[in-house]
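Could you walk me through this structure in the viewer, one selection after another? I would like to know what to pick next and what I will find there.

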Amino acid sequence: MDNSKMLLSGSLAALAALVLTAGPCPVAAADKAPVVKENGVEAKSEVWGKYYPHQYNTWKETAKSEEIVDMVKKKPQLAILWAGYPFAKDYNAPRGHFYAVQDVTNTLRTGAPVSPITGPLPTACWSCKSPDVPRLIQEKGEKEYFTGKWAKYGSEVVNPIGCADCHDSKTGELALSRDYLKRGLTDMGVDVAKLEKKDLRSLACAQCHSEYFFKKSEETDAKGDKKVTMTVTFPWKNGFKGEDVEAYYDALKFSDWKHGISKAPMLKAQHPDYELFVSGAHGRNGVTCADCHMPSMKDGDTLFSDHQVRSPIDNIANTCLNCHDQDEQEFKDVLAVKLERKEQMMERAMDGLARAHLEAGKAWEVGATEEEMKDILQDLRHGQWRWDYSIAGHGSYFHNPEETLRLLGQAIDLAQQARLKTAAVLAKHGVIGYQAPDFSTKEKAQALAGIDMAKEIADKKTFKATLWQEWNKEAIANGRLNPESRKGMSDKASWSE
Ligand code: HEC
Ligand code: HEC
Ligand code: HEC
Ligand code: HEC
């Protein structure tokens, strides 16, 4: 042990002795936060609610944001852009935290498992949905948590994003529950032991509202069975810019999937809200996520943070106007203009990329070679990445409009470069003036992507009527799920009407 470590542990021991010998102190005891759970993680938010009614009652209000917006219907290009990847089947705009577990269960992306070992997706897909995740990681270890298929934890991950995602169950303090975020920060040179409360007001959100990928490792156990571990990993070593993260993935030769039409080695952005926010006007000036998404509010004499995490558009008076002196309507107009600018550029990027994939698909069909296609596929990979990275965090049009538009400009350029190069390849193989087929509706685009929606939906319905019922029964029997907590909750999906 080196000297500094010895010094530290020595002083900690001295401190512990002091605390132990100080005896009960009534004043401090009254001020002290209640212990929700002495050991381990309390994943049921209603248990916390007994001690913290204001935070609990406002947290429950996230259930009010319940509308499902089917993004593939709204932007059919998505089915082409994601052909060959589960997102092409089903992708909705985010809604209230209260629905996180329901939505990951209902989305066609998670398929229709029939047992704990059937896929298609890995356990890691639960990671940003529930405080049962830090509970499981603490109980089983991170490696075991990240090994196996999503259905392994169907009866374990049952409570939606709640108190223990952002607070320590013993002290009640704001705290990071995900070690993989701490590792991502450490990779960037941040000393996580020195993080302050103010940092946590954004980093609590960055645990989930960030870019990450599943790092794969394989092992054969004593019985000779192959075990695959997919660990959530932050790709931040080179920095937060779209190009920095792209360079990180390129160096690893990592891709999320091979495109179903163009065969390009693709990347899927998660939701880099945090990364784009940091270099925007508010991030640079020390404003935190909580300032706009969890502002202070008052009930009589009690001041507390509004735990109804939601769009600040519905709450301008209590967010923006704490710092700015415009009026509400002015701000609504500012936001509408920013959104419209992003939409315009985004549509162009998506159209260009979708056409580029379809044209590349045609080139393969008429006999293009790997060598002829290499550059084109790289343009598609990078172009789509920059589009996705700029808009997958749905608030980026406001959090960092310049960066969003800069990346979209690059995506448009790369899509057009891919198309020009493909036109030359097509011409070489005797095809002039090729027009990509019509992808203007969800049905047409999904047909081009080769998706059998009727089967996907039928399988999901069977899963909901069988295995999913078992999961819930088991979770209730084991005390992990309080059925009252779901009372009155509608069960909706993009496909359920
Ligand atoms: C998504 C993250 C997140 C979740 C989920 C969450 N909190 Fe908080 N909580 C925060 C943040 C951020 C603050 C503000 C901390 C600060 O700056 O002091 C906070 C503050 C608090 C405080 C301190 C007083 C206050 O209101 O500012 C209490 C108590 C609290 N939360 C309890 C809860 C309880 C109980 C739940 C579950 C019903 C919960 N929190 C869920 C992020 C969260
Ligand atoms: C444990 C992971 C997790 C944490 C921590 C988390 N979020 Fe989320 N957030 C999600 C997921 C997942 C969704 C989408 C839920 C759905 O659509 O079912 C979401 C949705 C949202 C939405 C959309 C809500 C709506 O009504 O449309 C906002 C805004 C948001 N989060 C902001 C935040 C902020 C701000 C913080 C930190 C205070 C935070 N989140 C912390 C995972 C998380
Ligand atoms: C905690 C304080 C704070 C809150 C809350 C806040 N802002 Fe700001 N805002 C700032 C600061 C600081 C700046 C940067 C300095 C400047 O330009 O005055 C800024 C800059 C801006 C800008 C100019 C930069 C740009 O991105 O175009 C706009 C527009 C803006 N804010 C709108 C909003 C809106 C809308 C909200 C509510 C959703 C809001 N602000 C909430 C502090 C705040
Ligand atoms: C200065 C205020 C402000 C700050 C600070 C801020 N946001 Fe936002 N956020 C907004 C506004 C305004 C929107 C756009 C809302 C809309 O279009 O309905 C938004 C949108 C979002 C959305 C998409 C919501 C949806 O339903 O589509 C998410 C998620 C989000 N923010 C997360 C975060 C996270 C995470 C942070 C911190 C890293 C953060 N925000 C910091 C103001 C802010």
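Which residues do ring pairs link into a cluster? Select Tyr 145, Phe 146, Tyr 153, Tyr 180, Tyr 212, Phe 214, Phe 234, Trp 236, Phe 240 and Tyr 274, and you have that cluster on screen. Keep in mind as you go that this is a predicted model.

**Stop 1: aromatic rings**

Across the whole structure, a search turns up 31 aromatic pairs. Start with Phe 87 and Tyr 91: their ring centres are 5.7 Å apart and their planes meet at 55°, so this pair is tilted. Phe 87 is buried, at a relative accessible area of 14%, and Tyr 91 is also counted as buried, with 14% relative accessibility.

Next, select Phe 213 and Phe 254. This aromatic pair is edge-to-face, with 4.9 Å from centre to centre and 65° between the planes. Colour by secondary structure here: Phe 213 belongs to strand E1 (residues 213-220), while Phe 254 is in the loop between helix H13 (242-252) and strand E3 (257-258), so the pair ties together parts 41 residues apart in sequence. Phe 213 is buried, with a relative accessible area of 3%; Phe 254 is buried too, with 16%.

**Stop 2: charges over rings**

Now look for a charged side chain above a ring. Show Arg 95 together with Tyr 99: Arg 95 lies over the face of Tyr 99, 4.0 Å from the ring centre. For another example, go to Trp 468, where Lys 464 lies over the ring face at 4.2 Å from the centre.

**Stop 3: ligand 2**

Keep Arg 95 displayed and bring up ligand 2. A backbone N or O atom of Arg 95 lies 2.8 Å from an oxygen atom of this ligand. Pro 94 takes part as well, with a polar backbone atom 3.3 Å from an oxygen atom of ligand 2. For a side-chain contact, select His 209: an N or O atom in its side chain is 2.7 Å from a nitrogen atom of ligand 2.

**Stop 4: ligand 4**

Which residues come nearest to ligand 4? Of the 21 residues around ligand 4, they are Cys 289, Cys 292, His 293, Tyr 397 and His 399. Tyr 397 has a polar side-chain atom 2.5 Å from an oxygen atom of the ligand. Ser 311 has a side-chain N or O atom 2.7 Å from an oxygen atom of ligand 4. His 293 places a polar side-chain atom 2.8 Å from a nitrogen atom of ligand 4.

Helix H14 (273-278), helix H16 (289-293) and helix H19 (396-399) each supply at least two residues of the shell around ligand 4. By class, this shell has twelve nonpolar, eight polar and one charged residues.

**Stop 5: salt bridges**

The structure holds 38 salt bridges. Select Glu 343 and Lys 75, whose closest N and O atoms are 2.7 Å apart. This pair links distant parts of the chain: Glu 343 is in helix H17 (residues 328-365) and Lys 75 in the loop between helix H5 (71-74) and helix H6 (77-81), 268 residues apart. Glu 343 is partly exposed, with a relative accessible area of 22%, whereas Lys 75 is buried, with 7%.

Move on to Glu 156 and Arg 480, a salt bridge with its closest N and O atoms 3.5 Å apart. Glu 156 lies in the loop between helix H9 (142-145) and helix H10 (163-166), and Arg 480 in the segment after helix H23 (467-477), so the pair ties together parts that are 324 residues apart in sequence. Glu 156 is buried at 13% relative accessible area, and Arg 480 is buried at 15%.

For the last stop, select Lys 487 and Glu 484, a salt bridge with its closest N and O atoms 3.8 Å apart. Are these residues buried or exposed? Lys 487 is exposed, with a relative accessible area of 63%, and Glu 484 counts as partly exposed at 49%.

Note on methods:
Residues numbered from 1 in each chain as written. Chains lettered and ligands numbered in written order. Predicted model: local features only at pLDDT ≥ 70, side-chain atom pairs only at ≥ 80, totals over all residues. Heavy atoms only, no water. Phe/Tyr/Trp six-rings, centres within 6.5 Å; stacked < 30°, edge-to-face > 60°. Buried < 20%, exposed > 50% of the residue type's maximum accessible area, 1.4 Å probe, protein only. Helix = DSSP H or I, 4+ residues; strand = E, 2+ residues; numbered from the N terminus. Lys NZ or Arg CZ within 6 Å of the ring centre and 35° of its normal. Near = heavy atom within 4 Å. Polar contact = N/O pair within 3.5 Å; in protein donor to acceptor, adjacent residues only side chain to side chain. Nonpolar A, V, L, I, M, F, W, Y, C, P; charged D, E, K, R; others polar. Salt bridge = Lys/Arg side-chain N within 4 Å of Asp/Glu carboxyl O.
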